Amino acid sequence: MYDLVEIFESLQGEGRNTGRPCVFVRFAGCNLKCSWCDTDVAKRFTASLDEIVKEVKGFKAKSVILTGGEPTLVREMPELVAALKKEGCWIGVETNGTIAADWLGFVDHVACSPKRGAPLALTAADEVRVVAEDEATANFCREVRGKIAATDYYVSPCDHDGKIDFATAKSVLAQLDGWSLSVQLHKILGFR
């Protein structure tokens with residue numbers, strides 16, 4: 001059984017796959033407690049592997065984002081990944097990078113969003129997204145780039161109680177080479 005927050009269909013709102021129609025499977029629980037986190041990770045329901053696959057198949061989108069919370073905490077994730085791949089799904093994962101789960105090698109896209117002060121176990125991802133908490137984020141981005149090999153590196157504005165801090169993100173980006181801005185477009189356009 002899987003502890004879940006929600007399963008819904010929308011557009012990917014950030015990173016390289018912005019605008020891609022996806023089914024989001026949000027798992028409950030996280031091993032970090034970021035003060036600015038905008039995601040409720042409390043368990044709302046449990047579902048079996050078959051129930052999740054059936055729900056995902058009921059949507060039009062054939063791309064699936066496994067997110068959270070922190071999906072690498074889910075012990076039964078390899079079975080779910082295998083079942084979704086068997087259904088022909090493209091699978092993306094959003095992780096904080098504190099756990100280098102073996103099954104990540106079997107998904108199509110890994111987006112890592114490391115957090116300052118948290119141990120970093122992941123050494124490779126397709127994209128890295130760092131939230132611009134403050135000016136010191138630039139130094140953290142340099143550290144992350146030295147630890148995680150990725151194709152794309154993004155700085156994301158921090159959301160403080162519904163107000164998106166573009167100024168700090170812009171200032172952080174001005175200090176970095178090879179990083180781009182990733183905005184949570186779903187928040188700006190008002191969709192999930």
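Is D108 buried, exposed or partly exposed? D108 is partly exposed, with a relative accessible area of 33%. The close-ups below come from a predicted model, and a search of the whole structure turns up ten salt bridges.

**View 1. K85 and D108 pair up in a salt bridge.** Look for the closest N and O atoms of the two residues, which are 2.7 Å apart. K85 sits in helix α2 (residues 77-86), while D108 belongs to the loop between β5 (90-95) and β6 (109-112), so this pair ties together parts that are 23 residues apart in sequence.

**View 2. R16 and D152 meet through their side chains.** This salt bridge spans 2.6 Å, N to O. Because R16 lies in the loop between β1 (2-11) and β2 (21-27) and D152 in strand β8 (residues 152-160), the pair ties together parts that are 136 residues apart in sequence. R16 is partly exposed, with a relative accessible area of 37%.

**View 3. D134 and R116 form a salt bridge between two loops.** Here the closest N and O atoms are 2.9 Å apart. D134 is found in the loop between β7 (127-132) and α3 (137-147), and R116 in the loop between β6 and β7, so the pair ties together parts that are 18 residues apart in sequence. D134 is partly exposed at 33% relative accessible area, and R116 is partly exposed at 29%.

View 4. As a reminder, side chains of opposite charge can pair when their charged atoms come close.

How values were computed: Residues are numbered from 1 along each chain as its sequence is written. This is a predicted model: local features need pLDDT of at least 70, side-chain atom pairs count only at pLDDT 80 or more; totals for chains, interfaces and linings use all residues. Side-chain values use heavy atoms; hydrogens and water are left out. A salt bridge is a side-chain nitrogen of Lys or Arg within 4 Å of a carboxyl oxygen of Asp or Glu. Helices (H or I, at least four residues) and strands (E, at least two) are DSSP runs, numbered from the N terminus. Buried means under 20% relative accessible area, exposed over 50%, partly exposed in between (1.4 Å probe, protein chains only).
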